[in-house]
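Thanks, everyone. Let me put the model on the screen and walk you through it.

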Amino acid sequence: MTLTITPAPLSGAVTPPPSKSQTHRALIAAALADGESVIDHVAYSQDIEATLRCLEELGAEFERRGSTVTVRGMAAGVMSPLRRMALPHLNCGESGSTLRFLIPIALAVRGGGHFTGQGRLMERPQQPYFDIFRQKGIFFEQKDSVLTVQGLLTPGEYALPGNVSSQFFTGLLYALPLLGGPSLLRPTTPLESEGYIHMTLQEMARFGVVLPVALSLPPQYHFEGNQTYTPAEVTVEADWSQAGFWYAARFLGGSIDILGLEQASHQGDRVVLDQFSALQASGSLDIDVSGCPDLVPPLAVMAALRAGQTTRLVNAQRLRIKESDRLAAVTAVLTALGGDVTEGEDFLTIRGRETLTGGGTVDSFHDHRIAMMTAILATRCENPVTLTGAEAVAKSYPDFWEEYERLGGKVQCTT
């Protein structure tokens, strides 16, 4: 889908969609539980659809009524008969969370699985799991864009570097309490994206998992084995990651009231509040994005229109392996619209301007966050902006364009 966006200020009240990160986690815990759970305030983005599809294949059942999902869990555990079934085929779409969360869960519940995906998903690295599988004697093979894992996930010690995606930690955090004895998950370096791990622990606790954490740096996660997830009722919070784009619109001069956010949230991207304030001050600024990589597109928007000031977004190497090479994509969009940006191996240096020229055609790179970034940037361009691949927003925020127009955005679909 190609859209032409005519510059116009945004104003009004907006509630960000339900947190995709929390929804994944709540649905997984409910699916593992022994009994019926209710998850309220669910948005059916493409990534959430992928998780629902895969959890059904693993053995859970779902009933949808509007934004409420009733989950009949698979009663996962050491004695579950699911372990005797054939390996499931799990199509994860383009969802990195779905894939990385479910690899160890499938091993614990079904003895493994065949994983597939779309876009760049199967190119995204799984080396931290592969290193563990070699140590534990678990078979894995990636051939013709299909990853097969098969074997017995056993109690014991598991080590992961702390500077990899927190998604690897979350997958093991969910799986290890289901095993037949105690386990230890040990980061070997200081943790990045620790807020996402806290989200995982919060959801596991809601569903009855006992999970003490040793007082050490980095923290070590000790598990009792033979645990069972218990049913729960959860209302999903609004998404701080998506709120970042509306904060960017406010930074650019839009009269935007952002509603419905949980101020005490465990979502790591809640740091956008502090970053928004820091960007409003004058002077050069370095922002470490290692713990909040999804905020780089809205932060880049704010930095690009921070007139006369220089902003560096640093420790951003993991953005190379998102839905797009997100550092390159951000650079391409800002440059095409008249911004001043220098791309490094793991950083962006952005020199702010009063306005952007716009007037060109940019691509979303099939990346939902790049499409939303372009939409917000277009509000402060001097000329209309044409965006190809605008449908990419469906991955995480299916209603984004409707909300954008409701707030005064001027959009015309050309194809």
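Start with a salt bridge. The side chains of Asp47 and Lys20 pair up at 3.0 Å, N to O. By salt bridge I mean a side-chain nitrogen of Lys or Arg within 4 Å of a carboxyl oxygen of Asp or Glu. Asp47 sits in helix H2 (residues 46-58) and Lys20 in helix H1 (residues 20-32), so this pair ties together parts that are 27 residues apart in sequence. Helices here are DSSP runs of H or I with at least four residues, strands are runs of E with at least two, and both are numbered from the N terminus.

Both partners are buried: Asp47 has a relative accessible area of 3%, and Lys20 has 11%. Buried means under 20% relative accessible area, exposed means over 50%, and partly exposed is in between, with a 1.4 Å probe and protein chains only.

A word on the source. This is a predicted model, where local features need pLDDT of at least 70, side-chain atom pairs count only at pLDDT 80 or more, and totals for chains, interfaces and linings use all residues. Residues are numbered from 1 along each chain as its sequence is written, and side-chain values use heavy atoms, leaving out hydrogens and water.

Back to the charges. The count comes to 22 salt bridges. Asp340 and Arg351 form one of them, at 3.0 Å, N to O. That pair links strand S18 (residues 340-343) to strand S19 (residues 348-351), eleven residues apart. Asp340 is partly exposed at 24% relative accessibility, and Arg351 is partly exposed at 27%. Shared partners also build one network, which includes Lys20, Asp47, Asp294, Arg326 and Lys395.

Now the nonpolar side. Which residues touch the most other members of the largest nonpolar core? They are Leu32, Ile39, Phe115, Leu185 and Tyr229, out of 70 residues. Such a core is a set of buried Ala, Val, Leu, Ile, Met, Phe, Trp, Tyr and Cys residues joined through side-chain atoms within 4.5 Å. Helix H3 (residues 96-110) gives the largest share, nine residues. Apart from this core lies another, of 65 residues, with Ile256, Met302, Ala303 and Leu319 among them.

Take Phe115. Leaving aside residues up to four places away in sequence, its contacts include Leu90, Leu102, Met122 and Val149. Contact means heavy atoms within 4.5 Å.

Helix H9 (residues 296-304) is mostly covered, with nine of its nine residues buried. Met302 and Ala303 are among those buried residues.

Next, the largest pocket. Its volume is about 190 Å³. On a 1 Å grid over the protein atoms alone, a pocket is an open set of points where a 1.4 Å probe fits, with protein on both sides within 12 Å along at least five of seven lines; lining residues have an atom within 4 Å of a point. Points are joined across faces, edges and corners, and the volume is the space filled by probe spheres set on them. The lining has 14 residues, and Arg100, Ser165, Phe168, Arg318 and Ile321 lie nearest the centre. Helices H4 (127-136) and H5 (166-175) each supply at least two lining residues.

Most residues other than glycine have a negative phi. His41 has a positive phi of about 70°. His41 is in the loop between strand S3 (36-40) and H2, and is partly exposed at 29%. His366 has a positive phi near 60°. His366 lies in the loop between strand S21 (361-363) and helix H11 (368-378), and is exposed at 58%.
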